[in-house]
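Have a look at the model first, then read on.

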Amino acid sequence: MYLYALGIVPVIDASLINYLWPVIIVILTQFLPDHKLKWHHIVGVILGFMGLVFLFYDSQTIFKDIQWGHIVAFFAALVWSGYSVLTRVVKTYSQSSVPVSFLYAGIILLIISLIVEPFKIVEWQQYLFMVLLSAVSGVGYFLWSNAMKYGSIQIMGVCSYLTPLFSTLLLVTFDKTILSGNIALATLFIAAGPLIASRQKMREAIAEHKALRRMKNHE
């Protein structure tokens, strides 16, 4: 969904909308056991979605047109956040399940691609690039799934909050994306939303880290 959205709407739009997934993870984790909705969760979610307002704001037409690609990018965020939370909920989901999940997903996507996209034969360099990209992505997904299964979901979300900032910076640097005021505000709000929502978990993690350091120093 994310790659499809990148091909039909501006890259910066698809990227920022897709990076709502940390905010959505904060929302979904409230339905897990031992998780209670607090004021900072609500504020963080509101700030995150306010980033969309800045992204789509246009002084001439109030809001620029929302296209199909924007909706697909949002569904991509829903899919990834849902997958991340479900790996925590489903106790039988182990690391060995990750390759199987991606194998099934690959087969389904291949079928969809053959149905809706024209078949193309590309040069061997592009096939090599796709193999390398798949390998790097596969390792990243494997590590993320392991962290979501055994680590703190909120802390993992916190570690991902700078992703929209880095992504926007890379697009502005290497792509033809122009860093407008709206894009800058949208990026900051989308990144700040989940950061505020997980403030308590961040404090707990910092306190735990300091306690462990004190114990090691004492030993």
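## What counts as a touch

Two residues are in contact here when they have heavy atoms within 4.5 Å. Keep in mind that this is a predicted model.

With that cut-off in hand, take I8, which sits in helix α1. Leaving aside residues up to four places away in sequence, I8 touches Q67, W68 and G69. I8 and W68 are 60 residues apart along the chain, yet their C-alpha atoms are separated by 8.3 Å. Is I8 buried, exposed or something in between? I8 has a relative accessible area of 37%, so it counts as partly exposed.

## The overall layout

The chain has eleven helices and two strands. Start at the N terminus and the elements read α-α-α-α-β-β-α-α-α-α-α-α-α.

Of the 219 residues in the chain, 33% count as buried. Now take the contacts with a separation of 6 or more: 77% of them are between residues 24 or more positions apart.

## The largest pocket

How big is the largest pocket? Its volume comes to about 2,900 Å³. It is lined by 48 residues, and the closest to its centre are M1, Y2, L3, L109 and Y141.

Which helices supply at least two residues each to that lining? They are α1 (2-8), α5 (68-89), α6 (97-116) and α7 (124-150). Helix α7 gives the largest share, with 13 residues. Sorted by class, the lining has 35 nonpolar, eleven polar and two charged residues.

## Helix α9, side by side

Which residues of α9 are buried? They are P164, S167, T168 and L171. These four cover an arc of only 95° around the axis, which means they lie on the same side of α9. The general rule behind that kind of pattern is that an α-helix has 3.6 residues a turn, so residues three or four places apart point the same way.

Turn to the face of α9 that points away from the buried side, and you'll find the exposed residues F166, L169 and F174.

Notes: Residues are numbered from 1 along each chain as its sequence is written. This is a predicted model: local features need pLDDT of at least 70, side-chain atom pairs count only at pLDDT 80 or more; totals for chains, interfaces and linings use all residues. Side-chain values use heavy atoms; hydrogens and water are left out. On a 1 Å grid over the protein atoms alone, a cavity is a set of points where a 1.4 Å probe fits but cannot get out, and a pocket is an open set with protein on both sides within 12 Å along at least five of seven lines; lining residues have an atom within 4 Å of a point. Grid points are joined across faces, edges and corners, and a volume is the space filled by probe spheres set on the points. Ala, Val, Leu, Ile, Met, Phe, Trp, Tyr, Cys and Pro count as nonpolar, Asp, Glu, Lys and Arg as charged, and the others, Gly among them, as polar. Buried means under 20% relative accessible area, exposed over 50%, partly exposed in between (1.4 Å probe, protein chains only). The arc is that of the directions from the helix axis to the C-beta atoms.
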